[in-house]
Amino acid sequence: MPKSPLMNPTTSLLRPSVFSTLAAQFKFLPAPPVPLHLGDTYRAPPESGRLERAVGRLPSNGYAYAHPNGLEELRSAVAERLATKGLPGYSADHIQVTQGGSGAIATFVRTMIAPGDEVLLLAPYWPLVRGIVLSAGAVPVEVPFYQALRQGVPAADILRPYLTERTAALYITSPNNPCGTVVGPEAARAVAELCCQHNLWVIDDQAYHDYVFEGQHTFLATLPGMADRTATILTASKSFALAGLRIGFVCGSPAWMEAARRVATHLWYQVPVVCQLAVLGAVQDSEEWLDETRDRYRVAADLVHRKLQAKFDPSQGGGYVFADLTEELRGRPIIDYLMEMLHEGVCISPGDAFGEAYNNWARICYTSVPLAELERGIDRLNRSLERVRAGLPLGG
Ligand SMILES: Cc1ncc(COP(=O)(O)O)c(C=O)c1O
């Protein structure tokens with residue numbers, strides 16, 4: 001008898017897209033809402049990173065299979081750039097080109113984490129990391145971290161209660177998506193010490209390292225004892241507004257990089273050459289564009305800090321503010337409120353996607369639309385909050 005066609009059991013643990021319920025409603029609205037739910041940018045990428053240019057640089061064998069490691073020139077350029085950003089000592093041998101930042105995290109998890117291992121996810125966290133861990137048969141353990149840190153609780157005190165015999169790794173991101181927290185040097189040192197004491201792998205998600213506005217940013221791999229146990233994750237999606245090209249990097253010790261390369265080879269073999277060439281252009285020549293983009297994002301963050309009438313910690317970098325709407329919701333499910341908010345002409349993300357402790361929270365992205373539209377979106381959001389506080393229906 002043939003085995004009935006069952007799915008891999010980990011598939012049923014994966015959640016649908018964060019916004020699918022909300023986005024399904026858009027077609028019933030008189031006009032599209034201001035999209036503050038997206039985790040993307042309105043900025044066009046730097047000229048140096050455009051595909052049009054990359055096509056002109058394709059070698060004569062540019063349509064053939066290429067090396068699974070990624071282009072050597074790109075890996076070297078990333079290593080050089082990392083040195084200028086505070087992570088020196090890397091070469092092409094420390095870097096694997098992956099399918100976006102998501103692919104970089106998945107590659108490391110599949111290389112280093114065994115089924116049944118526990119992975120501490122410092123929460124709130126970027127939503128897909130949970131599914132990436134589950135897909136590898138590992139166990140995500142959510143640690144509400146960033147708000148406690150900002151309230152002054154020592155990092156080690158927050159983490160220690162979650163450590164068990166099975167803890168194998170820790171995932172951290174700074175600046176954080178969704179709350180915009182930058183983990184300062186003292187907390188970074190405490191996290192690193194704890195990871196060394198407990199012999200943990202570290203996934204240091206640096207997707208937003210180019211967008212720090214406040215506080216001192218640290219690459220965990222630079223701290224004592226951390227170089228060999230840390231995977232530094234980078235993505236062209238966030239650094240250079242090139243999300244559609246799907247190029248990321250997992251960076252770390254050559255001691256495990258060879259194994260990571262075998263894993264990546266068996267996932268997608270290689271990522272498109274033309275996309276790698278576009279990102280190479282951006283890596284080599286985009287600092288002016290980055291300065292301008294960072295300034296624009298900072299202005300956008302300031303606007304949200306000034307105008308948004310909700311409870312939140314100011315964003316220190318990245319592109320998001322995470323608001324606690326517990327008082328406004330008074331026990332109502334957040335998704336009901338966000339569905340009604342669509343009728344006020346604005347969409348934001350439900351907090352439960354970022355961790356179980358955040359059912360009453362919501363993420364607002366301040367980089368997804370230009371400033372004037374952002375202001376319009378925040379005005380609409382404020383109006384909806386006012387009406388909810390007054391017990392009035394929305395969209396009236
Ligand atoms: C913190 C963080 N890490 C990783 C990623 C994944 O990046 P990519 O879109 O390149 O896969 C994202 C994307 O939003 C992110 O916010």
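This is a predicted model: local features need pLDDT of at least 70, side-chain atom pairs count only at pLDDT 80 or more; totals for chains, interfaces and linings use all residues.
## Strand β8 and its partners

Strands β7 (residues 230-235) and β8 run antiparallel and are joined by 4 bridges. Helices and strands here are DSSP runs numbered from the N terminus, where a helix is H or I with at least four residues and a strand is E with at least two. Two strands count as paired if DSSP finds at least two bridges between them.

Residues are numbered from 1 along each chain as its sequence is written.

## How enclosed is β8?

In a regular strand, side chains alternate between the two faces of the sheet. In β8, both faces are covered: I247, F249 and C251 lie on one side, G248 and V250 on the other, and all are buried. A residue is buried if 20 or more other C-beta atoms lie within 10 Å of its own, exposed if 12 or fewer, and partly exposed in between, with C-beta atoms placed from the backbone. Strand β8 (residues 247-251) is largely enclosed by the rest of the structure because 5 of its 5 residues are buried.

## Around the ligand

Let's turn to the ligand. Of the 13 residues around the ligand, G100, G101, S102, T235 and S237 come nearest; a residue is near a molecule or strand if its C-beta atom, placed from the backbone, lies within 6 Å of it. Helix α4 (residues 100-112) gives the largest share of this shell, 3 residues.

The shell divides into 3 nonpolar, 9 polar and 1 charged residues. Ala, Val, Leu, Ile, Met, Phe, Trp, Tyr, Cys and Pro count as nonpolar, Asp, Glu, Lys and Arg as charged, and the others, Gly among them, as polar.

Most residues other than glycine have a negative phi, and most peptide bonds are trans. The bond from A123 to P124 is cis, with omega near 0 degrees, and P124 sits in the loop between β3 (118-123) and α5 (128-135). The bond from S174 to P175 is also cis, with omega near -5 degrees; P175 belongs to the loop between β5 (167-173) and α8 (185-197).

Y269 is not a glycine, yet has a positive phi of about 65 degrees. Y269 lies in the loop between α10 (254-268) and α11 (273-284), and is exposed, with 11 other C-beta atoms within 10 Å.
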